[in-house]
Amino acid sequence: MIIDPHIHSTYSGDSTASVRDIVKHSRKIGLDAIAIADHNSLKGSEAALKEFGPLEDLVIIPAMEVSSSKGHIVALGISEEIPQGLSPEDTVELIRIQGGIAIAAHPFVSYREGLFTQVKFVDVDAMETLNSRYIFGYSNWRAKNLAKEKNIPQIGASDAHFLGAIGSCVTELEADFTVDSIIQGILSGKTNVFGDRTPLPLILKEVINKKIRKIQ
């Protein structure tokens, strides 16, 4: 199974991708599962599940990217929003109480609130070791080394903010087409991550378009 567990929709405010287009595009390129993990909001996931319901060819995993007091944590497989601004430890605990898993997003990228740029370590369930938005790769390299050292499951994710980036980095695992099975597949640690970095011209185009929208 190939999944992209970190995609942003327009509910994040900094993405140009609508929920409908994300689901359609993900099916078109052959992904098996996706998580629409908007900033501090479950609305993108909820909208996707409401509109499309259970699909035979694509699992929609409810998710959000939580801004803890010390960095960003993707909450995968939750049913209620996690409050922002809590400590990383409390954030992880609340995610687990709901039966979800806590993933350290871009953990060594300081300008994107990477968790391990602000704290030495937090007991997360998985860690992004291949995030397509970081073109130089150093932060991915550091995350991979820490994941190996601490025996933490590795995650590959696009962190897409526009349609063309979806699926650029992904996670491969063995699981059935259910959210619970995917979560257990990640927790098993038997994941493979692969993909390419989002091309710099596309990232620059995204940044320029955001600035234009702000001016308008």
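Where is the place of E128? Select residues 126–131, which form strand 6, and E128 lies within that strand; strands (E, at least two residues) and helices (H or I, at least four) are DSSP runs numbered from the N terminus.

Before going on, note that this is a predicted model, in which local features need pLDDT of at least 70 and side-chain atom pairs count only at pLDDT 80 or more, while totals for chains, interfaces and linings use all residues. Residues are numbered from 1 along each chain as its sequence is written, and side-chain values use heavy atoms, with hydrogens and water left out.

Buried means under 20% relative accessible area with a 1.4 Å probe, protein chains only, and a salt bridge needs a side-chain nitrogen of Lys or Arg within 4 Å of a carboxyl oxygen of Asp or Glu. Contacts of E128 (heavy atoms within 4.5 Å) beyond four places in sequence include H6, V74, H106 and A157.

Now select L115, F116 and M127, the residues with the most contacts inside the largest nonpolar core, which has 22 residues; such a core is a set of buried Ala, Val, Leu, Ile, Met, Phe, Trp, Tyr and Cys residues joined through side-chain atoms within 4.5 Å. Helix 4 gives the most to this core, with three residues.

A second, separate core of 20 residues includes A37, I103, A126 and I186. Finally, follow helix 5 (residues 179–187), whose buried residues include I183 and I186, to G189 just after the helix, where phi is positive at about 85°.

Key
Buried means under 20% relative accessible area, exposed over 50%, partly exposed in between (1.4 Å probe, protein chains only).
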